[in-house]
Number of protein chains: 2
Amino acid sequence: MGKKELKIGELGEFGFIETIKDNCHYSFNHLIQGIGDDCAVIGPYNGNVFLITTDMLVEDIHFILGKIDPQHLGQKVIAVNLSDIAAMGGTPLHGVISMAIPKYMYVTPIHAIYNGMKEMCRRYSLNLIGGDTCASPHKLIINVAIIGEAPEKEVLYRKGAKPGDKIYVTGTLGDSAGGLKLVTEEFSAPESVAAVLMEAHNLPVPCIETGRMIAQSKLADAMIDLSVGFVSDLRHICEASGVGASLLHHSIPISDEIQLFAKNNNLDPYELGLYGGEDYRLLITVPPENCGRFESLFKEDTSHHIYEVGEITAKKGIQMVMEDGKEENLTVRGYDHFIEYQF
Amino acid sequence: MGKKELKIGELGEFGFIETIKDNCHYSFNHLIQGIGDDCAVIGPYNGNVFLITTDMLVEDIHFILGKIDPQHLGQKVIAVNLSDIAAMGGTPLHGVISMAIPKYMYVTPIHAIYNGMKEMCRRYSLNLIGGDTCASPHKLIINVAIIGEAPEKEVLYRKGAKPGDKIYVTGTLGDSAGGLKLVTEEFSAPESVAAVLMEAHNLPVPCIETGRMIAQSKLADAMIDLSVGFVSDLRHICEASGVGASLLHHSIPISDEIQLFAKNNNLDPYELGLYGGEDYRLLITVPPENCGRFESLFKEDTSHHIYEVGEITAKKGIQMVMEDGKEENLTVRGYDHFIEYQF
């Protein structure tokens, strides 16, 4: 007694996960990767593995009804799960959906959410094969679990990064964070800029095809999707691989829209890009001898984009090399569900 | 315009599911069973199939914090998912857990919930291979998705019941409903009776071993677990199989505890047994020529129990034959999340 009882808000999301991740495996038969990557990996079965991921979206935590088109919400909940499949280099196969719905909700927006989910299923050939529907006392909660597959030898993990690997991302950073600021706070942007940022936030595109192309090439060492925030997600790669990273400030890809939005609202665009989260781009590390061929993939098929942003180092921690050559230690300040509410 | 907008509470859970179950499949490669059974079934892979199920438990809908030991809550959320694997005759393999946690919750009860989940995982050799942890604005929400497996030729579906099949259940009915009444309403029972009913409600035992034994025997036509309520779950079998059922009132198994509880509280024990829900027993239909051998299975291994309660009929609908020979049509009044709150 007398010992202070800890609240979940004091421990934090990742601190909490550390406390529960032991004693989770009772049979290692066909279990390749448990907790600790974008997807769990089981198999192989005839040379293929299954990738399993789950993500929950909670009203007033992840979205505000009335501030997102319900069809877009449906698309987003599937997209964020597909992004985890993309991060391992997989192809989506099947999904199950659980939804807790306040009894007072109208059927029309719920159907619109399902239409959005089914639209994404159609685009990515994902089957909806089951689920659970129940009442909620207050808020709408949606949970999706998806099974994908990939050839065993092509799967990319967080733990594969090696010193000397170049670090790439598949698109600009921070647009979604700009969109979130437009939704929730007193910020403004010209209509065309707002449209780009809101679309990045509400309708993220999972990099399934790019992820498959990268996995199939077997040129990369490690991959992750950018969900919590670039620096936090890079830290996940570094911790899983026992390495560090050095980034070049001038090479961090920031869109014209987020530059303008940041300038108009007296914000730092790099702050949004490095810590904002929900970009759903892929971050890839590639051994130097493969970089030429890796970059060629993206030149051959111009529907995919790639930006080199730094390299993996033997020295732990994440450094940012500024334009003047000075180095800054980046501390991790990604989104943590329990330490700071997004809304 | 002018057309009344329907609320989810007016459509009901099963009515709503009817409206969303079309256009869910985009690839039939290795998809054996989608929405419409206890588990989805994919495969075969080397003669085995995977069984996939998901269930969500929501605070103040499925449980009241403070009225259930958090460790028991953890055990229950795994048990209700395992029960769906049992209903297809499968063995559990892997699970993923999503949890939305109010920031003000203490870590201790959350850890107790995880300890309960892990205790069930240990008992049933289930791996926890991933999940999602996020904040919740008010209530605790837990979603579990489980993958199991079974030999393709042994899986039992809802749709296999045939006229003439005998109907069996693997235990008494209504104990859990009695437990729920003790939790939520002004009812009472002697301590020893209350203990039995509360345990049935809080610590349901998934019939994994019994389900496997039945599936392996290949003697049954159809199987389902009793979650919504005996009559509702039997209706699911009947609708999926295009048949009806005739029940014998005197053969419905009601425990001594629920008899006493009902008598003391002026309730109908058969009402609790037929409509109460959350029994997590198995309901099995068996062709008459197999019934002798089927019943022998349970005599050989007395750790499993079985009760014959009626038979499948070509005539649709569910009839109850009373002790005096009179027949009653049973209307379905199982629990519906949106039409009537449990609490």
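**Figure 1. The loop around B:N23 in the predicted model.** Let us start with B:N23, which sits in the loop between α2 (13-20) and β1 of chain B. This is a predicted model, and in it the phi of B:N23 is near 55 degrees, a positive value in a residue other than glycine. Most residues other than glycine have a negative phi, and most peptide bonds are trans. Is B:N23 buried or exposed? B:N23 counts as exposed because it has 12 C-beta neighbours inside 10 Å.

Figure 2. Look for the parallel pair formed by β4 (residues 91-102) of chain B and β5(B), which are joined over nine bridges. Within this pair, B:I101 has B:A135 of β5(B) as its bridge partner.

Figure 3. In chain A, the peptide bond between A:G43 and A:P44 is cis, with omega at about -5 degrees, and A:P44 lies in strand β2 of chain A. In chain B, a cis bond links B:G43 to B:P44, again with omega at about -5 degrees. B:P44 belongs to strand β2 (residues 40-45) of chain B.

**Figure 4. Where chain A meets chain B.** Each chain brings 69 residues to this contact: 69 from chain A and 69 from chain B. Among the elements of chain A that each supply at least two residues to its side are α2 (13-20), β3 (48-58), α4 (107-123) and β6 (141-151). Which element gives the largest share of the side of chain A that touches chain B? That is β5(A), with ten residues. Sorted by class, this side of chain A has 37 nonpolar, 22 polar and ten charged residues.

**Figure 5. A closer look at β5(A).** Eight of the ten residues of β5(A) are buried, so this strand is largely enclosed by the rest of the structure. β4(A) and β5(A) run parallel and are joined by nine bridges. To find your place in the pair, look for A:I101, whose bridge partner in β5(A) is A:A135.

**Figure 6. The nonpolar core and A:L283.** The largest nonpolar core holds 183 residues. Those with the most contacts inside this core are A:L51, A:M223, A:L283, B:L51, B:M223 and B:L283. What surrounds A:L283, leaving aside its neighbours within four places in sequence? Its contacts are A:I167, A:V169, A:M223, A:I224, A:L226, A:D233, A:L234 and A:I237.

Figure 7. In helix α9 (residues 256-264) of chain B, the buried residues are B:E257, B:I258, B:F261 and B:A262. Seen down the axis of α9(B), they fall within an arc of 125 degrees, so they line one face of the helix. These buried residues pack against α5 (175-184), α6 (191-202) and α10 (269-275) of chain B. On the other side of α9(B), B:D256 and B:K263 are exposed. After α9(B) comes B:N266, which has a positive phi near 60 degrees. In chain A, A:N266 is found in the loop between α9 (256-264) and α10 (269-275), and its phi is likewise positive, near 60 degrees. A:N266 counts as exposed because it has 7 C-beta neighbours inside 10 Å.

**Figure 8. The seven-stranded sheet of chain B.** We finish with an open sheet of seven strands in chain B, ordered β8-β10-β7-β11-β9-β12-β13 with mixed pairing. The edge strands, β8 (222-225) and β13 (327-330) of chain B, each pair on one side only. Neighbouring strands of this sheet are turned by 25 degrees against each other on average, direction ignored. Inside the sheet, β9 (residues 244-248) and β11 (residues 307-313) of chain B run antiparallel and are joined by four bridges. B:G244 stands opposite B:T313 in β11(B).

Methods. Residues numbered from 1 in each chain as written. Chains lettered and ligands numbered in written order. Predicted model: local features only at pLDDT ≥ 70, side-chain atom pairs only at ≥ 80, totals over all residues. Pairing = 2+ DSSP bridges. Axes fitted to C-alpha atoms, helices over the stretch in contact; angles between N-to-C directions. Core = buried A, V, L, I, M, F, W, Y, C linked by C-beta atoms within 7 Å. Buried ≥ 20, exposed ≤ 12 C-beta atoms within 10 Å, placed from the backbone. Contact = placed C-beta atoms within 7 Å. Arc of directions from axis to C-beta. Nonpolar A, V, L, I, M, F, W, Y, C, P; charged D, E, K, R; others polar.
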